[in-house]
Structures are given as structure tokens and as C-alpha cells.
Amino acid sequence: MATYSAETRFRITATLTCVLAATLTLGACSAQTPRGDTAPTNASDTDACKRNQDAGTITYISGYGYSASAGQLDVFLAEELGYFDDLCLDVEINASGANGQQLVASGQAQFTALGSASDVMLAAANSKNLTAVATYGTTPPFSIFGNEKLESLKDLDGGSLGYFINLTPIASAMLDEAGVDVSKVEMVKMTNYDPTVVVREQVDAIVGYASNQPQSLKAQGMPFSEFLPADLGVQGTYNVMEVNSRFLEEHREVAADFMRASLKALQYCLDESDACIDTLAKLAEDNNQGAAFPRDQLARTWEVESAWVRESAGGNPGVQTTAMWEPEHKLVKKYGDVKDLPAIADMMDADLTADLYDGDTLIWTAE
């Protein structure tokens with residue numbers, strides 16, 4: 001548990017807003033940013049290019065608008081940097097964040113990103129047409145943050161805990177490990193993402209994301225307490241890319257090239273954070289979401305989440321294994337209220353992304 005005072009200054013701050021504007025679809029990319037020394041030669045006359053063109057339009061659903069999160073900003077940047085064009089991929093991005101999993105499962109879209117493997121697992125119990133192809137970290141993105149009076153989560157007994165959408169298995173495990181009697185905690189479904197409600201003691205604590213609401217409080221110098229999964233020995237994952245299973249089966253090499261381009265953009269954002277965030281902020285502004293995703297917020301978010309990518313137990317960005325998911329699989333079984341949870345191997349493809357690397361280097365070739 002870490003307690004932050006108003007006087008403390010923080011280097012890493014971030015805010016992720018889930019207030020989403022109307023649906024907008026982005027068409028062909030414009031390569032206005034340098035592509036680097038490893039850009040391939042033009043692939044327009046190759047069999048691979050024709051294969052990718054014949055697959056038609058690939059639709060990606062961004063679950064959190066223009067968030068600076070892995071599995072999201074890299075897709076936007078892959079389009080802006082021209083990486084999808086380099087591989088002859090026609091990609092459209094829907095930044096509304098509406099029903100991403102439902103659209104992908106139904107085949108109306110092909111790719112979307114989720115916050116953790118547990119999100120994938122909970123959905124997999126009801127849909128057989130989603131496959132995870134990349135996991136971007138082994139740091140659970142969740143945290144429980146509250147007013148500065150909380151010295152431990154056990155202090156929530158007799159108090160109140162806010163949550164968004166549902167109480168995640170990670171949060172349930174944290175409360176359990178802390179010995180909290182949840183029957184004595186008033187659960188409050190939050191209707192907005194204002195983190196200052198804990199400072200004003202409207203609720204004692206909230207289950208949020210370590211890279212957003214708590215970081216906003218830090219940036220404002222507000223006193224609060226924060227509890228991370230690692231503080232209680234709870235393990236999990238950070239952000240997962242999912243693809244429509246039928247599309248993956250019928251167009252495996254195309255799906256691989258989509259991931260190849262987005263992972264190249266992800267590495268660009270790891271190496272050139274300022275330029276990456278400049279581009280993302282301009283996209284948000286140009287598409288009337290600048291107020292929800294201002295540049296300073298995006299920069300703080302990426303500073304936190306890029307560290308999660310670098311520190312992933314999977315090694316190379318996006319690489320996933322069943323071992324990475326096992327701790328969370330157990331938590332979903334225990335806390336997820338899921339009767340028929342599929343085996344991990346049935347929910348993920350562990351080879352697609354791993355095969356895109358030669359050692360530590362992303363394979364980037366086109367002839």
C-alpha cells in the first residue's frame with residue numbers, strides 16, 4: 001500500500017477516460033511520420049500483397065477511444081505511419097468503443113483489445129468465436145484507491161467501495177487476500193470516472209485502473225491511498241488483443257500481418273514516446289475527442305503502461321503463453337461466477353505473435 005500526500009511530486013502520472021464520443025471510422029492511412037530504417041520495400045506486386053488485399057477491409061474496434069494503451073495506440077500509429085499500407089492491408093478503425101467484443105464475435109469487426117485476460121475469459125464463457133492473439137504485459141492494470149485514511153483494505157469493513165461495470169476477479173482476490181468481509185462493504189456502481197470522489201469521501205475507495213484515476217489524483221497533488229494487486233500477491237495480465245476466430249482460421253497470414261504492423265508501431269511508441277503521443281493527441285483532436293484525451297493525459301498514461309509492456313514476462317511485446325494466463329484463470333474460476341470456463345489453450349493462439357519475432361527482432365519483410 002502506498003499513501004500519497006499533497007506535497008509529493010510524481011514523475012509518472014496518467015489518466016484514462018472512458019467517456020467516448022460518437023462512432024467514427026478512420027479510412028486509409030497517411031504516412032506523415034517517418035517510418036524508420038526498417039521499413040520494407042513496396043509489397044504491391046507480391047503474392048502476399050494480393051492475399052492481404054483479397055481479405056478485404058479489416059475493422060478494428062478501439063474499446064477506449066484514443067487511449068494511450070498497448071493494443072490501441074499502436075493500431076492508430078500503424079495506420080498513421082503507413083505500416084498497414086506497406087503490407088497492403090485495408091484497415092478501418094472504429095474509435096467509438098461500442099460493443100467491441102460483440103462486433104468481433106459476430107464477424108462485423110475483426111480485432112479489438114481488452115483490459116486483461118480475465119475480460120477475455122469472462123466473454124469466452126458466452127462466445128466461441130473470439131481468440132486472443134497477443135497479451136501485452138503481466139502487470140494487472142487494476143488498483144483500489146481510496147481516501148488517505150485507509151491504511152489497509154481491511155479498513156473497508158463497514159465502508160463503501162465503488163466499481164465500474166463489475167467487480168473484477170482481480171479486485172475480488174485483493175479484497176479476499178486482505179481479509180475484507182465483503183458482506184460488510186457497501187458496493188456502489190459508479191456513474192462517472194471522477195476520482196476526486198474518494199478525496200471528498202463520497203465513497204471510501206474505488207476499483208480503478210492504476211494508469212488512470214489514481215494518476216490523475218497524483219497529478220493534482222491530492223492525498224489518497226492506493227493498493228496494487230502485487231501488494232497482496234495477486235497476479236494477472238495487462239491488455240489482450242482478440243480476433244474473430246473464423247477470420248483467424250480463414251486468413252491466418254493476414255491476421256499475422258495486421259499484428260506485425262501494429263507491433264512495429266508499438267515498438268515505435270516505446271522508442272519514440274513523444275512523437276507517438278503527439279500523433280495520437282492530434283488524431284483525438286482532429287476527431288473531436290481532444291477534450292477527453294488531451295496530450296498531457298496521454299503522455300502520463302503511456303509512461304505508466306509502456307513500463308508494463310517492457311516488464312512483461314512474455315518477453316517481446318505482445319507475446320503470450322498459457323503460463324502467463326494461469327494465475328488469472330484460477331481467479332476467474334474462483335471469483336468470476338462462470339460455470340463453464342474454457343481451457344486457456346482454447347481461448348488463445350500462443351504462436352501467431354511469437355512467430356513474428358526472430359530472437360528479439362520483429363520480422364519486417366515485404367518484397
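Me: Which residues does Cys-269 pair with, and how far apart are the sulfur atoms?
Reply: Cys-269 forms a disulfide with Cys-276, and their sulfur atoms lie 2.1 Å apart. A disulfide here is a pair of cysteine sulfur atoms within 2.5 Å. This is a predicted model, in which local features need pLDDT of at least 70 and side-chain atom pairs count only at pLDDT 80 or more, while totals for chains, interfaces and linings use all residues. Residues are numbered from 1 along each chain as its sequence is written, and side-chain values use heavy atoms, with hydrogens and water left out.

Me: Is Cys-269 buried or exposed?
Reply: Cys-269 is buried, at 0% relative accessibility, and Cys-276 is buried at 0% as well. Buried means under 20% relative accessible area, exposed over 50%, and partly exposed in between (1.4 Å probe, protein chains only).

Me: Why is that disulfide right-handed?
Reply: The torsion about the S-S bond of Cys-269 and Cys-276 is about 75°, so the disulfide is right-handed.

Me: How many disulfides are there in the whole structure?
Reply: A search finds two. Cys-49 is joined to Cys-88, with an S to S distance of 2.0 Å. That link is left-handed, with -95° about the S-S bond. Cys-49 lies in helix α1 (residues 47–54) and Cys-88 in the loop between α3 (83–86) and β4 (90–94), so the pair ties together parts that are 39 residues apart in sequence. Helices (H or I, at least four residues) and strands (E, at least two) are DSSP runs, numbered from the N terminus.

Me: Changing topic, what does strand β12 pair with?
Reply: Strand β12 (residues 238–244) runs antiparallel to β5 (residues 111–114), with four bridges joining them. Strand β6 (residues 130–137) also pairs with β12 in the antiparallel sense, over six bridges. Two strands pair if DSSP finds at least two bridges between them.

Me: Which residue of β12 stands opposite Phe-111?
Reply: Val-243 stands opposite Phe-111, and Val-243 is also the bridge partner of Thr-131. Seven of the seven residues in β12 are buried.

Me: And which residues touch the most other members of the largest nonpolar core?
Reply: They are Phe-111, Tyr-136, Met-241, Phe-258 and Met-259, in a core of 61 residues. Helix α10 (residues 252–271) gives the most to this core, with 12 residues. A nonpolar core is a set of buried Ala, Val, Leu, Ile, Met, Phe, Trp, Tyr and Cys residues joined through side-chain atoms within 4.5 Å.

Me: What is the mean pLDDT?
Reply: The mean for the protein chain is 87, and 87% of its residues reach 70 or more. The pLDDT is the predictor's confidence in each residue, from 0 to 100.
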